[in-house]
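Let's take a friendly walk through this structure together. Have a look at the chains first, and then read on.

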Amino acid sequence: MIMSNWLPLFILMTSFLTGIAIFFLREENHSTRSFLNIFNAVLKIFLVGLLMWGVFNGHVYEFRFPLFLGFDIVLNADSLSLLFVCLSAILWLLTTIYAIGYLKGTSNQSRFFGFFSLCVSATTGIALAGNLFTLLVFYEFLTLTTYPLVVHKGTKEAVKAGRVYLMYTLLGGAVLFFAMVWLSSLAGPADFTERGILSSVATEYHPQIIIIFFLLILGFGVKAALVPLHGWLPKAMVAPAPVSALLHAVAVVKAGAFGIIRVVYDLYGIEFCQQLKILQGLAIMAAITIIYGSIRALFQDDLKRRLAYSTVSQVSYIILGVAAIGPIATIGGIVHLVHQGIMKITLFFCAGNLAEGMNISRISEMNGVGRHMPWTMGAFTIAALGMIGVPPMAGFISKWYLGMGALQSSQLWIVLVLLLSSLLNAAYFLPIIYAAWFKDSKEVSFQGLTTKWTQNRRYLLYPPLVTAGLTLLMGIFAGLPFSPLGWVKLITLREYGH
Amino acid sequence: MTQIIASHASVWTIMLPFLSGVLCFMAGRRIGTLIGVVTAFILTILTLNLGVSVFQSGPSRYAIGGWSSPLGIDIHLDGLSVLMLGFTAIVGTCISMYAFGYFKDRKGLKKEKNKHYAKMGTYFWPLWFFAWGGLNVLFLSSDIFNIYVALEIVSFSAIALVALKGSVDALLSATRYFFLTLLGSLVYLFGVGFLYSAYGVLDLGLLETVIRPGMISTVAITLMTLGLIIKTALFPIHFWLPPAHANAPAPVSAILSGLVVMGSFYLLVRLWFETFTGVIMPVAGQLLGVLGAIAILGGALQALRQSRLKMMLAYSTVAQIGYMFLLFPLLAGNSIGQGFAWGGGIYFSISHACAKAAAFMVAGSIMYALGHDRIKDFRGLAQRFPIGVFAFALAGMSLMGLPPSGGFIGKWMLLKAAMLTGQWWYALLIVAGSILAACYIFRVLEITLKAANPGEKALHIPLRMQLSSLAMSFFAILLGLAATIPLEILKIDSPVFFQSMEGFIK
Amino acid sequence: MSVNDYISVFFIGVGVMFFIAGILGVLRFPDIYSRLHALTKADNLGLGFIILGLALGIGEISMALKLLFIWVVVIISSATSCYLIARAALRMGIVPWRKL
Amino acid sequence: MSTAILYSITGIIIFTVGLRGLVIYTHFLRKVLAINVMGTGIFMFLIALANRNSNGMPDPIPHAMVLTGIVVAVSATAFILALVVRLHAATGHTSFEAIHNDDRGAKL
Amino acid sequence: MNINIFDLLLAPTLIFLAWQMLRARDLLVSIVLFIIFGVLVSLAWVQLQAPDIALVEAVIGSALTGALFLGCLGHMESHRKKIVIEKIKISKGSKVYDCFLSVLVISMGSILSWSVLTLPKNVLGLTDKIQSALAKSGVENPVTAVILNFRGYDTLLEMGVLFLVVVSVYALHAIEPVSIKIQPRQASRVLIAFLHILTPLMILVAFYLLLVGGHAPGGAFQAGAMLAGVGILMLVGGVAFSFNVERWVLRFIYVIGFGSFLLIGLGVMGGERNFLEYPEYLSKKLIFLIEFLATISISFILVTLFAGCSGFLNYGKSNSGTVRGVSA
């Protein structure tokens with residue numbers, strides 16, 4: 001079927017065209033905008049479902065648009081990309097609902113939702129990219145579309161954060177650009193294939209290939225917030241809560257991690273990586289990031305900043321899983337892509353709710369909030385426990401597989417890193433939970449929830465509840481075939497070929 | 001090879017602008033404007049038609065007056081010239097549409113001021129069409145002396161357009177522009193004199209066959225290159241460009257930065273890689289490359305320091321010209337890299353034309369609305385003037401070289417040429433230049449995104465202006481998506497070995 | 001060389017002498033009016049002699065007439081321009097030189 | 001040495017004299033004069049070398065080129081002089097330096 | 001062809017004049033030297049067997065350009081707001097800079113001269129081809145044939161340049177008109193009388209030049225410049241012209257030279273016949289027509305250009321739409 005090759009493009013276009021259409025809507029046209037947003041998000045989920053069904057049955061979708069001189073824009077639905085697409089589609093819907101409530105009564109909404117949709121289409125593009133070139137195109141596109149979201153508030157602080165964000169991401173993009181052109185002059189337009197393509201490059205170019213590998217990691221590492229390159233992430237916290245949620249859970253950070261997965265598995269190939277002995281370095285970088293992020297998180301009083309550093313550390317689990325060779329660690333890493341996304345988005349939704357409902361943004365102010373906002377804090381608790389890795393939350397599954405994988409490839413130090421970081425996770429999450437539920441507020445008496453919160457309660461509350469629920473379900477039903485874990489096993493099977 | 005065709009379409013593309021320039025002068029402002037806009041559209045259709053015919057039947061020559069070269073003057077049509085014609089037409093049409101709105105009476109302005117714009121509008125059209133006609137002559141001519149006359153037409157109309165505003169700044173920059181561009185023309189003419197004295201022919205194609213390496217050729221090429229470098233405003237002789245481009249009315253800045261710069265660059269490329277291929281020394285290319293490199297960095301750093309938007313864009317032009325000149329050292333490398341260098345340089349120049357024209361149009365719209373172009377007072381512009389800022393952002397993408405845009409494709413190809421020929425320092429430079437470009441573009445964008453100062457007054461910008469700048473910037477982006485078409489056209493009768501364009505070291 | 005040629009050379013020589021005298025006048029005379037005097041006199045007469053000499057040398061009637069025509073035009077224009085210069089000088093307030 | 005060589009080198013020297021003048025002298029009119037001198041140098045170069053045929057007939061193509069060149073030169077001169085007049089009327093100065101200094105003086 | 005003593009004297013004189021012209025303290029002296037330089041250059045053209053160019057140089061290159069300079073200088077002198085003593089040379093690091101520049105220029109000159117010596121002794125150029133094609137061109141003077149037929153395209157564009165410049169000059173003056181007060185000039189009777197003699201004479205000469213252009217030195221530019229000379233004399237003599245470009249007749253005159261050339265070029269085009277390819281039986285007539293109309297345009301354009309740089313062009317300022325009569 002020829003038409004079915006267009007399916008990936010349709011999926012991309014649902015959010016892209018929505019974005020463009022929203023730009024042209026007048027500011028006051030709230031209902032049309034909301035309808036357009038939600039309708040398209042649902043449509044997208046439906047299309048993704050269709051795609052998923054096809055891929056599961058072994059159908060290959062490939063959309064190819066020749067751009068110039070042998071470089072094509074390729075949209076390719078393989079099992080790995082589907083995982084990411086699926087995640088982004090679902091979380092887009094939830095975040096959109098949340099954002100509609102969150103932004104009620106503020107200005108510049110058309111611009112916000114326009115870029116919001118474009119940002120998701122960029123993420124979809126990254127997920128579906130069938131070659132490095134396409135990946136780069138959407139990666140840069142993501143930078144451009146998230147920038148207006150980061151500076152959305154237009155305050156001095158926001159603009160400053162936006163500048164930092166741009167500086168990091170554009171530099172990363174430039175490095176990536178450089179590396180990619182270099183690679184393409186050695187190996188031509190590099191289509192992603194399972195188990196990589198670069199092993200065919202002649203041995204005399206291997207030193208260059210290794211340098212390119214690290215340049216690529218550097219480029220993607222900026223967005224994935226690998227440690228020396230993470231500076232933008234905590235600063236970008238000034239953005240509105242839905243943006244932070246999107247940035248941390250789905251779009252930016254994940255795009256970086258996803259890029260690294262693509263490079264290691266589908267461009268270089270795991271065996272070729274082993275042959276070049278380049279994964280060890282990556283693993284060490286990831287481990288440092290994990291520990292460093294956790295420690296920094298401990299000392300933050302601002303809730304969103306603490307979550308930001310938590311992201312720094314958690315995303316590197318994915319990279320660690322990729323770098324620790326072996327199928328089981330791979331499963332752990334890739335599945336964490338989904339799990340971390342779901343859990344982190346819950347946390348950010350909740351942080352946003354606290355800020356909106358009770359004007360609380362600091363952990364020291366959180367004593368006893370559980371009593372005033374029980375649902376929000378309930379969702380927060382589930383997600384935080386998941387982050388720590390308490391069974392039966394989803395986070396446990398990923399950590400389990402990571403640990404098992406490390407044992408399997410007999411890299412004990414990785415297990416140690418995991419344990420240490422779990423301890424640290426507990427150290428920075430548990431006090432929050434404790435304070436929220438069991439401590440009494442010593443401050444001035446409770447003034448009551450804001451009117452904004454009471455008016456928009458359903459928009460703001462349902463999304464975190466759903467994601468919290470998903471956190472639980474993904475943990476409990478991890479064994480089912482269409483659960484993230486099941487799907488990741490399928491991916492791993494294809495990557496390792498056995 | 002090339003055939004003689006009986007089609008007169010190419011003559012019409014040259015003569016129509018002159019004809020309508022004359023008509024505009026005769027008809028006065030109101031009717032002149034209409035004539036101008038209609039002509040622009042006709043020209044676009046004509047050039048597209050010409051492009052299709054070249055695409056189908058290959059390159060051709062046309063002997064003006066029936067006297068073919070060496071006695072007479074030939075018009076030659078090949079991929080490169082058709083591409084240049086086509087993009088001039090597209091950019092020109094957008095600029096014409098923009099000028100249509102720009103010189104109209106402005107609501108909310110004093111009568112005196114409006115009279116000023118009306119008078120500018122009266123003379124803008126004939127001068128602009130002469131510039132356009134001159135460019136078309138330049139792109140199609142195959143005779144080095146005829147090209148000199150074309151260069152003069154372009155320069156004179158450009159200078160008059162710069163001076164159009166009548167302010168001291170405008171007059172001063174026009175005067176400076178005049179001296180340098182005339183110096184450039186004369187030096188070029190001297191080179192022509194040397195070539196003719198040595199070889200007795202003026203036709204580019206014939207020269208290619210008779211030219212021999214030696215003292216005289218070197219001197220001639222040096223002189224011609226020097227002249228054209230002055231006109232293109234490459235690094236050490238770039239100082240005249242920013243004031244001239246920044247002090248002109250917005251449509252004029254778009255014409256200058258977009259098209260006029262492209263014209264002299266085109267000529268330089270044509271001479272170096274078709275006529276003089278046999279006698280160019282690689283070291284000369286490296287020299288131009290070094291100048292280009294300094295221009296990229298210096299221009300971008302200067303752009304960062306500017307407080308006025310148009311001045312910033314003008315310095316950005318200086319930097320982007322530097323990129324175009326990277327073509328010269330990169331083309332000297334191996335045959336795999338050549339195709340990329342050639343394609344990249346040309347592609348860069350056309351996408352720069354689109355992007356910079358769009359950016360200047362937006363700058364003009366902002367000046368129209370606010371009455372100034374101080375960057376620090378752009379707060380809240382994204383909210384009040386979203387189409388313009390969006391167009392600026394799109395144009396900026398191309399200037400920065402972010403995908404998908406024409407600038408990206410151009411940079412990609414140049415970068416690849418640098419990699420393939422092993423001149424990786426140019427690759428680093430290209431990347432560094434992009435980052436600097438991002439710095440100055442986002443410096444503007446971030447201020448527009450800041451919350452607005454309440455109570456600031458602004459004129460309403462006509463939709464026609466907004467849409468034409470938007471269309472122009474879309475074109476800059478479209479160049480990144482539909483790169484195949486221009487590149488295929490460029491391959492027609494290309495002097496460079498294009499076969500291995502997909503190639504990589506294996 | 002024929003007699004005609006000798007005569008021709010003689011006339012041209014006389015013309016040149018006039019010119020030299022004129023130049024000396026321009027260089028040595030004290031003010032603009034007297035310089036103008038020297039110049040125009042030399043011009044008209046000197047040119048006249050030269051043209052006479054040339055006409056004899058060529059010995060062709062049509063050519064001679066053309067040369068004559070040139071002389072007439074030059075005389076008229078130099079007279080006019082001399083007058084104009086002198087008038088302009090007077091208007092500017094330049095006082096004619098007087099022997100002290 | 002033939003006439004052709006003599007005059008062509010004379011042309012080159014005139015050109016260089018003009019070039020130096022263009023850069024070194026400040027007054028606009030002097031600069032315009034210098035440009036005209038440069039042009040004349042080039043024209044002389046062209047015409048001189050057109051005149052070295054063995055059959056004694058000069059080559060008419062450079063003649064035509066120079067005719068065109070002279071007309072272009074006079075157009076250019078008229079154009080720039082009109083600009084200079086405008087600039088002089090607006091600023092009272094006749095050189096870049098003077099205008100620049102004036103400008104700086106006004107700012108101080 | 002060998003050198004004679006005259007050439008050996010003329011060439012250094014030219015260089016010396018160029019040098020002195022640029023460095024003379026008084027600008028008026030510079031301009032006068034420029035005119036003399038022009039006259040001597042046209043002598044050089046004669047020496048180089050280029051009578052056509054000698055004529056153009058004398059009329060346009062020397063006289064007309066000189067008039068432009070004088071007009072401009074005079075105008076600026078008479079409208080000086082304050083007396084400013086401006087340095088002749090640029091002041092920044094003058095000595096060192098000058099030395100450096102001189103060295104640069106001298107080395108450039110020597111390289112160029114050296115390369116001239118390496119030129120082939122005898123390049124025929126296109127002389128033979130032109131001779132053989134001359135019969136078909138419609139004129140006998142090879143230079144005219146090149147200008148109007150073989151390379152008519154260049155000449156068309158050159159007319160375009162002239163037209164463009166006149167439009168530019170108007171554009172310069174139309175916008176924010178400079179407040180230039182033109183002092184009422186009292187025309188002198190002598191000058192008027194002179195003009196009465198000269199004008200018909202010059203028209204005659206111009207027409208002669210136009211006619212003769214086909215087979216001898218002459219042509220539209222020379223003729224146009226002659227007429228322009230008369231016009232300039234009238235202008236400075238106090239005969240007021242109207243430069244009101246809003247009158248269509250004036251615009252039409254400016255346009256007619258270039259426009260008719262363009263239209264004829266396009267008109268003969270069609271079928272097998274290319275742009276500017278005159279039919280053989282018509283070529284003589286068409287060339288004459290083009291030259292005739294060009295002469296009219298050129299003369300008016302040149303007068304306007306003179307007016308533009310010497311303050312006569314006060315279009316847009318006052319009601320100068322009326323033609324003042326000869327104020328004798």
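## Starting with one residue in chain C

C:Ile70 counts as partly exposed, because 13 C-beta neighbours sit inside 10 Å of this residue. Keep in mind as you look around that this is a predicted model. You can find C:Ile70 in helix H3 of chain C, which covers residues 61-92. Now pick out C:Pro30 as well: 40 residues separate C:Ile70 from C:Pro30 in sequence, and their C-alpha atoms are 31 Å apart in space.

Which residues does B:Phe328 touch, once we leave aside its neighbours within four places in sequence? They are B:Trp272, B:Gly285, B:Leu288 and B:Gly289.

## Two helix pairs in chain B

Let's begin with helix H4 (residues 111-140) and helix H5 (residues 144-163) of chain B, whose axes come within 8 Å and cross at roughly 155°. Angles over 145 degrees count as roughly antiparallel, so H4(B) is roughly antiparallel to H5(B). The crossing of H4(B) past H5(B) is left-handed. Residues making this contact include B:Leu127, B:Trp128 and B:Phe130 from H4(B), together with B:Ile147, B:Ala150 and B:Leu151 from H5(B). By class, the contact of H4(B) with H5(B) has 15 nonpolar residues, two polar and no charged.

The second pair is helix H3 (residues 79-102) and helix H19 (residues 463-481) of chain B, which pack at about 165° with axes 8 Å apart. H3(B) is therefore roughly antiparallel to H19(B), and H3(B) passes H19(B) in a left-handed crossing. Among the residues that meet here are B:Ile90, B:Val91 and B:Cys94 in H3(B), and B:Arg464, B:Met465 and B:Ser468 in H19(B). The contact of H3(B) with H19(B) is made up of 11 nonpolar, three polar and one charged residue.

## How the chains meet

Which two chains share the most contacts? Of the five pairs of chains in contact, the answer is chains D and E. Chain A and chain D have no contact, and their closest C-alpha atoms are 32 Å apart. Chain A does not touch chain E either, with 38 Å between their nearest C-alpha atoms.

Chain E does meet chain B, and each of the two gives 45 residues to the contact. On the chain E side, the elements that supply two or more residues are helices H4 (94-117), H5 (127-137), H6 (142-150), H7 (152-174) and H10 (248-267). H7(E) provides the largest share of that side, 15 residues. Sorted by class, the side of chain E that touches chain B holds 28 nonpolar, nine polar and eight charged residues.

## Confidence in chain D

How confident is the predictor about chain D? The mean pLDDT of chain D is 87, and 92% of the residues score at least 70. Among the elements of chain D, helix H2 (residues 28-50) has the highest mean pLDDT, 94, while helix H4 (residues 96-107) has the lowest, 71.

How values were computed:
Residues numbered from 1 in each chain as written. Chains lettered and ligands numbered in written order. Predicted model: local features only at pLDDT ≥ 70, side-chain atom pairs only at ≥ 80, totals over all residues. Contact = placed C-beta atoms within 7 Å. Helix = DSSP H or I, 4+ residues; strand = E, 2+ residues; numbered from the N terminus. Nonpolar A, V, L, I, M, F, W, Y, C, P; charged D, E, K, R; others polar. Axes fitted to C-alpha atoms, helices over the stretch in contact; angles between N-to-C directions. Parallel < 35°, antiparallel > 145°, perpendicular 65-115°, else oblique. Left-handed = near helix turned anticlockwise from the far one by under 90°. Buried ≥ 20, exposed ≤ 12 C-beta atoms within 10 Å, placed from the backbone. pLDDT = per-residue confidence, 0-100.
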